[in-house]
Every structure is written in structure tokens, then in C-alpha cells.
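Good morning, and thank you for making time on the agenda. I would like to take you through some helix packing and a few local backbone features.

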Amino acid sequence: MARIELVDLAHAYKPNPTAPADYALRPMSMAWHDGGAYALLGPSGCGKTTLLNIISGLVKPSHGKVLFDGKDVTQLPTEARNIAQVFQFPVIYDTMTVHDNLAFPLRNRGWKESEVKKRVQQVAQMLELTGDLKLRASGLSVDAKQKISLGRGLVRPDVAAVLFDEPLTVIDPHLKWLLRRKLKEIHHELKLSLIYVTHDQVEALTFADQVVVMTQGEVVQTGSAQALFEEPEHTFVGYFIGNPGMNLLGCTLDDGGVRVAGQLLAVSAAARAALSGAQGKITLGVRPEFVECVKAGEGGEGGDHCLDATVTAVRNMGTHYLAEFQLGGAKVAAKLRAIDAVAGAQLGQSVRLRFPPQRTLFYVNDKRVA
């Protein structure tokens, strides 16, 4: 296991990059702790696999360095980095048994056969492969083959890190949920350094201690699931994390608050101070989970934090109501449990939406201000 540091790391496929768009991976510096579980999360083409392949040595970065426990490994080939990598599709030996597939990385490094058997049994039990150890891999399902591939990545206890490149893509949805939970259990038991690439926020948030969110080759935030949900540092994080994502509304500064769709919304003194002198686009962000709805003409305490809107849809989701509203030219979503204001609501009915100041965030040019 190793502490992995990326120092002024960037990658461009064209010479002499100057603008951010010239980079497949924009300049970054970060450190991942020994024994941590990390996820690289973002849409297709955002650079997460490029970053993973730079760490593994499959790609050499055009700028910066990669350090393992303080040692510069940037120019070292993959085989010299002591890592294991699990790919999107199974990489196994079909002619071998499941046992021999799991044992191969250990035998290749000169382990004693008694120790090989012990370790294979341990990993097979974790992945529920014990009953398949004597079977030839060629006759197994794709799900089982990918479990073998996962086991081959986890079987060596001395690796600097285990890298996963969307390993559950080919797995049955129900088994995918079970394997995510199993990988979490394995991480806590073996204390391996794990880096997991995915475009699925559920996979990332349930697997990793820290999630690295990427878009257009840039790391926009690293944090826990709670931090990404409650305090997104970039509008992309607010939009990408959550279902539905954060409501993002354009606004302008006005006396005592901000103007949204022509209506004045009061904001705290701290928010006004942070926004004063802002140069560029100002965006208000609030999660659907935190939007409150009251009847038109009501507001109660804190009514100055309300805006008038009209109902466009209300759906009963069983555990909550998912309501949609029109606010000027923008749409606002809300997850509501106390539904007095929207129960039986008609399309076009007027309501008031309350934006709790402690849950309402502001962004300038897509980056959060204090």
C-alpha cells in the first residue's frame, strides 16, 4: 500500500498546450492516503480513466509527477509500480480453474504453495467463489468471470494500490449492489488502497470514503458523500450529484438580497458580503430536499425567504412527493414530505417556495462563495 501524490499533474495530447481546452487532464495537485478508498466520478470523457492510467503507468503524463510514498514513479513502467488493475471487462485465463486464476499472481512472485492456497481461500470466501474454485473459468457466466477478475486484483496483499476501471459495468444490477457492499467490506478488512473509476454516483458514494468529482478534465471537488451533497463547491457537483440534482437559478444582486426571476429574495449578511463586488455570473443553488412549499399568500416566519411560483407537476413517489414548479423562466424541483400545500394541487396553481438561508448556496462563475 502507498500514499499516492499527484504534483502539478496534467496531460495534453497536443504539444505546447495553453488554454484549458487544450488539456485532456487539467493541472492538479492532490494526495491520496495509504489505505484509503477513493472514487473518480464524472461523465464519460471527463478524464477519469486517463488519470487512472497515469497512476498505473499505462499513460505517461505530459506535465507533473506521480509519487508513491514520496518516490517519483512518473517514468516507471506499470510492472515496476507494484499495482493491480481491474478493467471494465473480465481479464482472466479461461483455460485455468478459478483457483489457478486467483493463485497466478502469487505463484508468479514465488509464493510458497501453502501460503498461496491460504490466500486464495481467503479472497474466494470474501467474493463467494469458494464453491467454484475447481471449475474451469471458461464455463462460467460473465458475472462470475468479473468476480474472478476482482479477486485477481485483490489477492496480492503487498500492492501499492488496486485500481478499478468501471469494473461492475457488465455485472447484473442486483449482483452489482451486492458486490459494491462486498468491496466496501473487503476494504475495511484488508486496508488496501483502492481507487475506483465510475460514472455512477451511487457506486461512488456507497464505495468511497472520498469522491473526486471531475468534468472536462478538471477536478472540481474532492470530499465525502455528505460534503458533496450538502456543500457542493461547483455548480457541476450540485447538478451531477443527487436525483434530481440541485436547483440552479440565475440571479443578480439587489438591495438587501438577490433578484431571482424578477422577485427579491432576502439573503444573509454573510452572503451579501461574499457576493459584493462579484464579477461574472451569479447562481443560486438549493437542493430539492431543502425547498419548502407553502400556500400562496402565506409565508409565516421567514416569509422574506420565499418566492412565488406555479405548480407544474406533483408525483407521489411513495416515500415523498416530487413536485415541480415554474419560477419565471426557470424550473424548480422539490422533494416534499409535508405536502399540505401541494396535495391535490392543480396545474398552474400559485404557491410560495421557501429557500432556507442556511441551505441556500451562491456561486460566482460556477464556483461557490462563502
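At roughly what angle do the axes of helix α2 and helix α4 cross? Before I answer, please keep in mind that this is a predicted model. Helix α2 covers residues 98-107 and helix α4 residues 142-154; their axes come within 8 Å and cross at roughly 25°. Angles under 35 degrees count as roughly parallel, and therefore α2 is described as roughly parallel to α4. The handedness of this crossing is right-handed. On the α2 side, the contact involves V98, N101, L102, F104 and P105, while α4 contributes I148, G151 and R152. Sorted by class, five residues of this contact are nonpolar, two are polar and one is charged.

Let me stay with α4 and turn to its packing against helix α5, residues 173-190. Here the axes lie 13 Å apart, at an angle of about 15°. With that angle, α4 is roughly parallel to α5. This crossing, too, is right-handed. From α4 the contact draws on D143, K147, L150 and L154; from α5 it draws on L175, L179, L183, I186 and L190. The class division is seven nonpolar residues, no polar ones and two charged.

I move now to a single side chain. Is Q221 buried or exposed? Q221 sits in strand β10, residues 218-223. Its relative accessible area is 8%, and since buried means under 20%, Q221 is classed as buried. A polar atom of the Q221 side chain lies 2.7 Å from the backbone nitrogen of E233. Leaving aside residues up to four places away in sequence, Q221 touches a set of residues that includes V211, V212, V213, E231, P232, E233 and H234.

Finally, the backbone. Which form does the peptide bond from N243 to P244 take? That bond is cis, with omega near -5°, and P244 belongs to the loop between α8 and β11.

Two residues other than glycine deserve mention for positive phi values: N16, near 55°, and D366, near 75°. N16 occupies the loop between β1 and β2 and is exposed, with a relative accessible area of 69%. D366 is in the loop between β20 and β21; its relative accessible area is 22%, and D366 is partly exposed.

Thank you; I welcome your questions.

Key:
Residues are numbered from 1 along each chain as its sequence is written. This is a predicted model: local features need pLDDT of at least 70, side-chain atom pairs count only at pLDDT 80 or more; totals for chains, interfaces and linings use all residues. Side-chain values use heavy atoms; hydrogens and water are left out. Axes are lines fitted to C-alpha atoms, for helices over the stretch in contact, and angles run from 0 to 180 degrees between N-to-C directions. Helices (H or I, at least four residues) and strands (E, at least two) are DSSP runs, numbered from the N terminus. Angles under 35 degrees count as roughly parallel, over 145 as roughly antiparallel, 65 to 115 as roughly perpendicular and the rest as oblique. A crossing is left-handed if the near helix is turned anticlockwise from the far one by less than a right angle, and right-handed if clockwise. Contact means heavy atoms within 4.5 Å. Ala, Val, Leu, Ile, Met, Phe, Trp, Tyr, Cys and Pro count as nonpolar, Asp, Glu, Lys and Arg as charged, and the others, Gly among them, as polar. Buried means under 20% relative accessible area, exposed over 50%, partly exposed in between (1.4 Å probe, protein chains only). A polar contact is a pair of N or O atoms within 3.5 Å; within protein, one must be able to donate a hydrogen and the other to accept it, and residues adjacent in sequence count only if both atoms are side-chain atoms.
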